[in-house]
Amino acid sequence: NKGHGWTFLPAIDTETALRASYDFRRAIEPAGLLLETFRVDPAALEKSRQAHRSLLAEAETASGQALYALDVEFHEMLAGFTQNSFFLQAIQQQNRMRRLLEYKGYGDRRRVRDWVKEHLAIIEALRAGKVEAAAEHLAT
């Protein structure tokens, strides 16, 4: 705060809060894809596709930091495609808040492979121009 101390963001520090954050993301992200302003940046999408494919090959050994970074980049990329700063800021805030609990979930490498494959399915739908299908993937 301006000369009066510190303000800390709330953290998602329980399983219930983490589930609520996912519910929030599942509500907002698909809606963003369906906005009239949603525009895919093909170069960014391809870069993300390659990063996901590389990570899938290294899912057993990738660091939690690398996993978190890829997940954050993916969701913020989609929010950025909305051309709407409110969507992007909401996803950025949610990503910052969920950071603490995310690292715990990376021990389950089967789940890591599953979410990387889910992201790849969304990317492929967007590459094919199937925005509604990509939105449906995000909602599940």
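User: How many of the residues in the protein are buried, and what makes a residue count as buried?

Analyst: Buried residues make up 37% of the 140 residues in the protein. The word means under 20% relative accessible area, while exposed means over 50% and partly exposed lies in between (1.4 Å probe, protein chains only). This is a predicted model, in which local features need pLDDT of at least 70 and side-chain atom pairs count only at pLDDT 80 or more, while totals for chains, interfaces and linings use all residues. Residues are numbered from 1 along each chain as its sequence is written, and side-chain values use heavy atoms, with hydrogens and water left out.

User: What makes up the pattern of the protein, read along the sequence?

Analyst: Helices: the pattern is α-α-α-α-α-α, with 6 helices and 0 strands. Both are DSSP runs numbered from the N terminus, a helix being H or I with at least four residues and a strand E with at least two.

User: How do you know that helix α1 has a span close to the expected one?

Analyst: The expected span is 1.5 Å times one less than the number of residues. Helix α1 (residues 15–33) has 19 residues and reaches 27 Å from its first C-alpha to its last, close to the 27 Å expected. Its buried residues include L18, R25, E29 and L33.

User: Why is the pair R25 and E29 called a salt bridge?

Analyst: A salt bridge needs a side-chain nitrogen of Lys or Arg within 4 Å of a carboxyl oxygen of Asp or Glu. For R25 and E29, the closest N and O atoms are 3.8 Å apart, so the pair qualifies. Both residues lie in helix α1, 4 residues apart, about one turn of the helix, and both are buried. The structure holds 9 salt bridges.

User: What makes R49 buried but E46 partly exposed?

Analyst: R49 has a relative accessible area of 12%, so R49 is buried. E46 has 26%, so E46 falls in the partly exposed range. These two also form a salt bridge, with the closest N and O atoms 2.9 Å apart, and they are 3 residues apart in helix α2 (residues 42–57), about one helical turn.

User: Why do residues three or four places apart in a helix point the same way?

Analyst: An α-helix has 3.6 residues a turn, so residues at that spacing point the same way.

User: Which residues touch the most other members of the largest nonpolar core, and what makes it a core?

Analyst: Those residues are L33, L78, I122 and L126, out of 14 in that core. Helices α3 (64–81), α5 and α6 (131–139) each supply at least two residues of this core. A second, separate core of 9 residues includes A59, A62, W115 and L120. A nonpolar core is a set of buried Ala, Val, Leu, Ile, Met, Phe, Trp, Tyr and Cys residues joined through side-chain atoms within 4.5 Å. Not counting residues up to four places away in sequence, I122 touches F74, L78, A134, H137 and L138.

Terms used
Contact means heavy atoms within 4.5 Å.
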